[in-house]
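Visitor: I would like to learn how to read a few features of a protein model, beginning with a sheet and ending with a pair of helices. Could we go through them slowly?

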Amino acid sequence: MLAAAAALTLSACGGSGGDGGKDDDAPKAKGPNLKGQTVSVAAVWSGPEKDAFRKVLDAFEESTGAKVTLVPAQDPIIGFLESKVAGGGQPDVAMLPQVGAIEQAVANGWAKPLGKGAEEALTTNYSKGWADLGSVDGTPYGVYFKAANKSLVWYNTAVFENAGVEEPKTWDEFLKAAQTVFDSGVTPVSVAGADGWTLTDWFENVYLSQAGPEKYDQLAKHEIKWTDASVTKALETLADLFGNKDFLAGGQSGALQTEFPASVTQTFTGGDQPKAGMVFEGDFVSINIGQTDAEIGTDAKVFPFPAVGENSPAVVGGDAAVALKESKGAQALLTFLAGPESAEIWAKEGGFLSPNKAVDTAAYPNDVQRDIAEALIAAGDDIRFDMSDQAPQAFGGTPGKGEWKALQDFLKNPKDVAGTQKALERAAAAAYKE
């Protein structure tokens, strides 16, 4: 029923056009007739992600008759779009990877509100939490097409079986499981400390679960300082892991030299004697596992980030489609991306997660990814967007600076909680002021 409603919405938003379908060359699918029109879409995706998104756009072309041009963008995409807008050559639609990017596009006067069809599809197929993430001051601008569940821990099943441990549900159980894995002869945790963004994700999951969503929102907006007692508590909790060199593959110094792809592959190579038994990160870890001989669901499994407080956290990321031109084609594409068909196309390709609750989870290629998708939908409005992605880029998204640098220094010396907080607050105060 939801799929049918989305299809009807797509038809309604554009009208049939032309001669009522008598033209043999007219689109046969249910989209509006956009034959002869070109729609340009900017995205930073490359490689397999770009190829999968191209298949989604091909389906839109088939359904409407439009020609879709995929414009390769550089990251940060806001800087890329700024030059395009200045020259009058902005794309019809841009895939924006941060809440802050949507807000900036609106503040700059670039973004166009969702049309009636796209807004109806959004309301039908998405939870209020996801709809709110794409809205600014109550007006919906973005459709979150691709999501990331960033509250997952992946593990080598052979290591867990040999150690005789179960999937932990709480932070205390997680630390106990880590000790048991270590006692079995395998270093328990792989940390990608060379990439500061993974450390922000570690902190955000601990903080959201321990301090709660209200504090999380306040810290994300810098309404409370990074010297707050809630941050102290979260860092002290994280130090229980980061401060134990036996728990980290390569110790603190080794972790600081480990980039994200290697943090995954070293967990799933070497059979039951890998360099680590577990690795934390989002659903996209599956792409890197695919570069090893490990099979997801058999050799590699996943559990939710353990509850530090009352509940397990639900930290998410995602890419939202936003119209930058007032065009029929742009709104039709947003409506299509807000429906289940478009997401199911990419879901079958793997390396994808949709926040669209109308998507048939049978489209996902294996039970593990299916379970991750269902957990994301079940989280409903309790999700919280990646905090560093909400922050000014100078603080939350620049290598060697801001939060990335402060948390790398913390990984190097987990005892210096107070110094870490002062460094975080100095960087945040400067960045938010700018």
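Visitor: Which residue in β10 does L152 stand opposite?

Guide: Before I answer, please note that this is a predicted model, in which local features need pLDDT of at least 70 and side-chain atom pairs count only at pLDDT 80 or more, while totals for chains, interfaces and linings use all residues. Residues are numbered from 1 along each chain as its sequence is written, and side-chain values use heavy atoms, with hydrogens and water left out. Strands of a sheet pair through backbone hydrogen bonds, either parallel or antiparallel. Here, L152 stands opposite P304 in β10, and strand β7 (residues 152–156) pairs with strand β10 (residues 300–304) in the antiparallel sense over five bridges. Strands are DSSP runs of E with at least two residues, helices are runs of H or I with at least four, and both are numbered from the N terminus; two strands pair if DSSP finds at least two bridges between them.

Visitor: How many bridges join β7 to β9?

Guide: Three bridges join β7 to strand β9 (residues 278–280), and these two strands run antiparallel. In β9, W154 stands opposite V279, and Y155 has M278 as its bridge partner.

Visitor: What is the order of the strands in the open sheet?

Guide: The four strands follow the order β8-β9-β7-β10, with mixed pairing. Because β8 (189–190) and β10 stand at the edges with a single partner strand each, one side of each is left without a neighbour in the sheet.

Visitor: Are the residues of β7 buried or exposed?

Guide: Buried means under 20% relative accessible area, exposed means over 50%, and partly exposed lies in between, using a 1.4 Å probe and protein chains only. Five of the five residues of β7 are buried, so the strand is largely enclosed by the rest of the structure.

Visitor: At what angle do helices α9 and α10 pack?

Guide: Axes are lines fitted to C-alpha atoms, for helices over the stretch in contact, and angles run from 0 to 180 degrees between N-to-C directions. Helix α9 (residues 196–211) and helix α10 (residues 213–220) pack at about 135°, with their axes 7 Å apart. The two helices are therefore oblique to each other, a word for angles that are not under 35 degrees (roughly parallel), over 145 (roughly antiparallel) or 65 to 115 (roughly perpendicular).
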